[in-house]
Amino acid sequence: MATFLLYESSSGFGLFEAHGLDEIGQNTEAVRSSISDLSRFGRVVQLTAFHPFESALDALNQVNAVSEGVMTDELRSFLELNLPKVKEGKKAKFSLGLAEPKLGSHIFEATKIPCQSNEFVLELLRGVRQHFDRFIKDLKPGDLEKSQLGLAHSYSRAKVKFNVNRVDNMVIQAIFLLDTLDKDINSFAMRVREWYSWHFPELVKIVNDNYLYARVSKMIDDKSKLTEEHIPMLTEVLGDEDKAKEVVEAGKASMGQDLSPVDLINVQTFAQRVMDLADYRKKLYDYLVAKMSDIAPNLAALIGEMVGARLISHAGSLTNLAKCPSSTLQILGAEKALFRALKTRGNTPKYGLIFHSSFIGRASAKNKGRIARYLANKCSIASRIDCFADGATTAFGEKLREQVEERLDFYDKGVAPRKNVDVMKEVIENLQNKGEEGEETVEAASAKKSKKKKAKGEEGEEEAMDEDKSEKKKKKEKRKMETADENEKSEKKKKKKSKAGGDEATDDGQSKKKKKKKSKSEDDDE
């Protein structure tokens with residue numbers, strides 16, 4: 001039984017025929033030993049046909065199709081031209097060796113060519129790849145390397161392409177930066193408190209918030225300059241007039257040491273940096289919320305933007321999170337506790353990152369594990385909808401959130417929740433109805449536009465008709481005048497003729513009478 005090998009190179013498709021495989025005995029070790037020696041390998045494998053690619057774009061399209069297990073029209077025509085024909089109802093006396101099993105199954109379904117992909121075929125293809133430049137005589141040295149490098153770059157670039165609005169990597173970086181900023185702002189704010197407390201120690205007890213403390217310390221600067229005029233400004237910052245008065249009174253009776261102007265300037269600049277970091281943290285949070293609404297709207301509607309972003313970042317991407325089963329998603333972030341429990345044969349953790357959700361905090365102690373399992377199930381559904389759905393909508397996430405609320409009521413009050421099938425059907429029906437309404441509105445708007453166009457067209461047509469009518473009237477009037485003139489002329493001519501040739505007319509009348517009489521007499525004789 002003959003064996004052919006299909007090799008997809010960067011420069012084109014190559015078809016090779018393997019001879020003497022019975023002598024080798026289809027032993028992979030024997031093939032490996034024969035691959036290194038071209039003289040031995042050339043006796044076994046010989047080039048049958050070669051189909052070069054037309055351009056770099058054609059090469060990229062062919063390689064993409066091969067990687068996806070799809071046979072292109074060019075590959076089909078190449079195989080049908082160079083392989084023996086398979087008669088209907090009979091088995092083929094040859095087989096085609098491939099590196100991609102999916103491509104082989106597609107070729108067999110389309111052309112009935114038997115394909116195989118095993119370790120023995122892969123070793124033969126490895127030898128073909130090693131000596132491919134020797135088989136193709138027209139290739140110049142370095143051409144194959146250049147084509148491989150160019151195709152590798154274009155193939156990788158094509159695989160990296162994605163929807164710009166759905167880049168989950170931006171969410172991962174944003175949530176990491178948010179966590180880092182929280183730690184840094186906290187430590188920097190504590191440094192501001194400790195630094196400025198040497199000058200105004202009583203302010204720490206009055207103002208507890210770190211951000212407000214940095215703003216107040218920057219505003220006060222030197223406590224000895226505090227007067228009642230500063231109360232309105234402090235009230236704007238603190239939001240409480242009593243606290244502002246308390247700060248002024250504490251500044252007058254403060255036990256802190258005085259600082260030099262240079263030291264106060266350094267404290268102020270550092271406090272300003274902390275305030276800038278806090279402001280940037282708010283902007284970054286708004287950016288994260290906006291990105292989550294684009295990338296994973298249903299997951300964000302179900303569990304919140306922060307927890308959803310942490311799940312995506314821990315899984316590595318939204319696709320990886322969608323592939324995770326709900327049991328894995330439930331304990332994401334608690335891997336250390338899980339492996340420790342497996343080693344010590346203790347109780348495994350009930351939840352990981354989803355513990356930060358408000359649902360688990362609202363559940364009773366005995367129901368925390370149940371609601372965590374149920375919430376992980378809904379998060380898995382939401383992430384899969386976000387990952388694989390074509391359009392972005394929060395309808396599924398809102399309904400899943402309602403289901404979790406109903407499950408909490410079921411645990412607390414015993415109220416039976418709705419089934420997931422019914423809820424999903426309701427969501428799909430609502431979306432379809434909205435789509436139909438949108439189409440109707442679009443159709444109505446288009447109808448209005450067409451009516452306006454028709455009205456404008458009718459007005460134009462009416463104007464054109466009026467113009468045509470006026471032109472026709474003018475033409476008719478001209479014709480009437482012309483006919484009237486012609487009639488007058490003809491009448492004048494007749495009158496002139498009648499006056500000039502009256503005798504001729506009488507003679508004609510008498511001759512006609514004579515002719516009639518003659519005809520009558522001839523009839524009587526007959």
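Residues are numbered from 1 along each chain as its sequence is written, and side-chain values use heavy atoms, with hydrogens and water left out.

Let's start with confidence. The protein chain averages a pLDDT of 81, and 79% of the residues score at least 70; pLDDT is the predictor's confidence in each residue, from 0 to 100. Residues 500-526 are another story: pLDDT stays under 50 there, and the model gives this stretch zero contacts beyond four places in sequence (a contact means heavy atoms within 4.5 Å). Where pLDDT is low, the predicted coordinates should not be read in detail.

On to the overall build. The protein chain has 25 helices and five strands, taken as DSSP runs numbered from the N terminus (helices are H or I, at least four residues; strands are E, at least two). Of its 526 residues, 34% count as buried, where buried means under 20% relative accessible area, exposed over 50% and partly exposed in between (1.4 Å probe, protein chains only). Among contacts between residues at least 6 apart in sequence, 66% join residues at least 24 apart.

Now for the rings. There are 13 aromatic pairs in the count: rings of Phe, Tyr and Trp (its six-membered ring) pair if their centres lie within 6.5 Å, with planes under 30 degrees apart called stacked, over 60 edge-to-face and the rest tilted. One of them joins F13 and F53 edge-to-face, at 5.2 Å centre to centre and 80° between the planes. F13 lies in strand β2 (residues 12-18) and F53 in the loop between β3 (45-52) and α4 (56-67), so this pair ties together parts that are 40 residues apart in sequence. F13 is buried at 1% relative accessible area, and F53 is buried too, at 12%.

F410 and Y411 make a tilted pair, 5.9 Å centre to centre with 50° between the planes. Here F410 is partly exposed at 35% relative accessibility, whereas Y411 counts as buried at 18%. Elsewhere, ring pairs link Y7, F16, F50, F132 and F135 into a cluster.

Finally, look for charges over rings (NZ of Lys or CZ of Arg within 6 Å of the ring centre and within 35 degrees of the ring normal). R193 lies over the face of Y213, 4.9 Å from the ring centre, and K282 lies over the face of Y211, at 4.8 Å.
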